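Welcome! Take a moment to turn the model around on your screen before reading on.

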Amino acid sequence: MISIWVSVIVMLVAFVNGARNEDVTQPCASIQTSSSVVPLGSPVTATCVIRNDCLLVTGQDAHIEWRLGNRVIPSRPVASESGRASEVVIPSFNHTSAFLTCCFQASPPQVLKGVKITAGYPPEPPQNLSCQTNLTTPNTLTCSWDPGQQETHLLTKYTLHTKIWDTDDNYAYEPPTGVHQYTIPRSGFVLFSEMEIYVKAVNELGEADSVPITLEPVSAAKFDPPKIVKVEAVSKRYGCLKLSWSLSQQQAWMRNYPMNLEVRLKTADSSQWSEQPILVSRARPTRPVDQCRLLHGTQYFAQIRVQYQQSPWSEWSSSQSGVTLESAPTGRLDSWMKLSGDHMHKHNIHLFWKPSKQFRANSQNVSYIVSVQKLPGEKGKVCSTMGNYCRFQLHKKAKKVYLTAVNAAGKSLPTEVRIYQTKALTVISDLAAVPCDDDALLVQWKNMDISSVTGYVVEWSPLLKTDLSLTQFEIAGRNQSSLIITGSFEPYKPYEISVYPRFKDGIGLPQTVNAYSRQKAPSMVPKIRIKKTWQSHVELTWDEIPLDQSNGIIQSYKVFYWGEKGPINVVNADLKERKVVLKNLNTESQYEAFMMVSTFGGSLNGSQVHFQIEPFDAVTIVMIVTASGIGLSLLTIFIVLTCYSNHKRLKGRFWPAIPDPANSSIKRWTSESSEDTHPAWDRDEPNPIYLSHLSFLDLPMKLSKQEDDLWLNSAEETSDLGESICGSPFIPGYSGSNSESVPYATVIFSGPCSSPPPKEPHVYLRSESTQPLLETEETFSPKCYQNITCDGMPRGQCFFGPCHDVAEERADPEVLWDDFPFLRALAMNATQDD
């Protein structure tokens, strides 16, 4: 920028001088330099001489100063006739371009003369010269080079020179400035004639040539990608493929020239090509190429590329596939067996397998047979499948099965699979699975008892798919505590990973964990529901996120809520309970809330919900108090009505009537008291008031008169029986005044109470009661009870008093016996005695 302003100043000065004196055509001074273009950093010398006829210095002493750009540099006067000369020496010129001016000292300084000095470097010899021939129409030869590492800061021209040895024709080609390649037309070269090529670089400080190269244009040609016509198996040669190929249509005229060929292969289930391509020298498109030492019965994909002499390799051709000849499978299979269920005396067996590193299927179509015999046959076969999984049942006594691979060429040797029982042992803890990359997971675990473990089985399967054939497994050694499992893991999908310990005589219980190869934010957030509100609290709840939408392992549920004027509050929810309780809420404020669900891969916010706590206003309180009062009043009225009610059934429920045995007959007790105190719906159970107090005694079926007398005169007290005998006024020695008990009745059965009704009539005896019901009686001779017939009975057995006073009040016996079965038994007994 400064040098530009200096140039402008010099032009203005010259213009002013010309305006003052139109006759003057020469400048006021002249400058002589060693060179206007110098190597960068070299010294520069310049001399300035003022003309005698220069009007700027007429009649004045000439005082000259030098400026480089806008900086004043020291100078020295030079002896001359006019005394108006000055010289300046710049020891190192470090500018790529600058103006050196000679000025007359004045105020302001007057520019007398100026010169532009440019600095740079001479060109380096061009490097890495290479040429490539294009055999497509039109044919051309393109050469390119590297100008060198150092920048010259000067305009440098490059020229491409060629010389054809057979014709001695020399050509020179100059590319545009700044371009370091040139395409020679077809007229400038001969395909099968050698030529010498080099590049010359020239600038104001010098020139340089590149190292010449000699080549045959056809050998510098990069051919188009060839084409594989067909890939097929070689007859009667296992592991060999025959490749038929050709050049592109535009280069087909080269089919008779020998060429170099490279072949690369890969199997159908592999994603990587062979690391080292197979080189075939002096190949011709008219001759197929054989590739051997391949796997038997395996599908291969092949690609080729070509080269003529030392020319660049062509690009790889498109892929073509072929299958080698089949042979019987070889090697063993890795297997994993699990037992489940117990159907009678059989095991449910799940058997998984996969090829080991030594296994070779040697065929495209392989099936597998599981049998209980070493040589598989129809009788011993339990399973046959094309997959890698089988389920079958075997008797519990079975100890092993045999797994055999079969193809069209034969069968493999059987792989023995032992049937191990499941043992209720847990020795694995701290199971974890972390992703290594999108196609691998690192599984780690700890063993609490490594002494008894012989190995481990790591099993994994997708959780969202129930197909058991998708289950995969790896076998780990007893000293391992981690394993990297690889496979086609889908991102954002859950996988269940289990580690089983293997013992010498069985399989232990597994530890299981869910894992993801890659996680992201959930696809949805469950909707928040208000479960209940009370006082200043609100309980919020939500459903669990479906497994196919979680996209990772849920790490947290966070509920954000805020009032109309309050700050934002955050509550972390328990992952299992899926609920939160918001406390200390203001009943006069409306609240908003939303939930954020997070996984290791991100977070997602849900929709907002609005809620408000309703306060207990005065009307609500009055309603609650009123309802409580009404309820209490109704309870009081019910109690009062119950106490003073005349309804017999209702009253009998709370105050049952106890009959007086001395002043009422059994019939009246039943009809008036018992029925009143026991409603109809309770008649399924026996009424404990019907006969008041009765004792049941078991006596022999028949008693002789002697035995009967002994029994009556016995002084031994036996429960109620003894009391009745001793306390009866009909038995000698009875003293009513000395007894505190009151006579009642005892029923004597001739058999156990629980036995069927006896054929002989029951005997009723007088008993005693501690109830003070008969204390008002002056004598212990009971009155005759109503509705009781004593006719025909011996006097000693009629304990209910004389019957002659109430003979006219007897009721129909047929009516009484239905209600009083015991009295009916007495009547039957009296009849038999007669």
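Predicted model: local features only at pLDDT ≥ 70, side-chain atom pairs only at ≥ 80, totals over all residues.

Residues are numbered from 1 along each chain as its sequence is written, and side-chain values use heavy atoms, with hydrogens and water left out.

Let us begin with confidence. The score called pLDDT is the predictor's confidence in each residue, from 0 to 100. The chain has a mean pLDDT of 77, and 71% of its residues reach 70 or more. Over residues 699-755 the pLDDT is below 50, and this stretch has 113 contacts in the model beyond near neighbours in sequence. Here, a contact means heavy atoms within 4.5 Å. Residues 764-771 also have pLDDT under 50, and for them the model has 49 contacts beyond four places in sequence.

Now for the overall build. The chain has nine helices and 52 strands; helices (H or I, at least four residues) and strands (E, at least two) are DSSP runs, numbered from the N terminus. Of the 834 residues of the chain, 38% count as buried. Buried means under 20% relative accessible area, exposed means over 50%, and partly exposed is in between (1.4 Å probe, protein chains only).

Next come the disulfides. A disulfide is a covalent bond between the sulfur atoms of two cysteines. In this model, a disulfide is counted when a pair of cysteine sulfur atoms lies within 2.5 Å. The structure holds four disulfides. One of them is formed by C48 and C102, with their sulfur atoms 2.1 Å apart. The torsion about its S-S bond is about -85 degrees, so this disulfide of C48 and C102 is left-handed. Because C48 lies in strand β3 (residues 44-50) and C102 in strand β8 (residues 97-104), the pair ties together parts that are 54 residues apart in sequence. Both C48 and C102 are buried.

C131 and C143 also form a disulfide, with 1.9 Å between their sulfur atoms. The torsion about the S-S bond of C131 and C143 is about 110 degrees, so the link is right-handed. C131 sits in strand β10 (residues 127-134) and C143 in strand β11 (residues 140-146), so this pair ties together parts that are 12 residues apart in sequence. C131 and C143 are both buried.

Another disulfide joins C383 to C390, S to S 1.6 Å. The link of C383 and C390 is right-handed, with 125 degrees about the S-S bond. C383 is buried at a relative accessible area of 12%, and C390 is buried at 2% relative accessibility. C103, in contrast, is in no disulfide: the nearest cysteine sulfur, that of C102, is 6.7 Å away. Is C103 buried or exposed? At 1% relative accessibility, C103 counts as buried.

Let us turn to the aromatic rings. Rings of Phe, Tyr and Trp (its six-membered ring) pair if their centres lie within 6.5 Å; planes under 30 degrees apart count as stacked, over 60 as edge-to-face and the rest as tilted. The structure holds 15 aromatic pairs. Among them is the stacked pair of F192 and Y257, at 5.6 Å centre to centre and 20 degrees between the planes. This pair links distant parts of the chain: F192 is in the loop between β14 (181-184) and β15 (195-203), and Y257 is in the loop between β19 (241-246) and β20 (259-267), 65 residues apart. F192 is partly exposed at 37% relative accessibility, and Y257 is partly exposed at 32%. The rings of W460 and F489 have their centres 6.5 Å apart and their planes at 40 degrees, so that pair is tilted. Both W460 and F489 are buried. Ring pairs also link Y171, Y173 and Y182 into a cluster.

Finally, find S363, in the loop between β26 (346-355) and β27 (367-371). With 8% relative accessibility, S363 counts as buried. Leaving aside neighbours within four places in sequence, S363 is in contact with H296, G297, E326 and N407.
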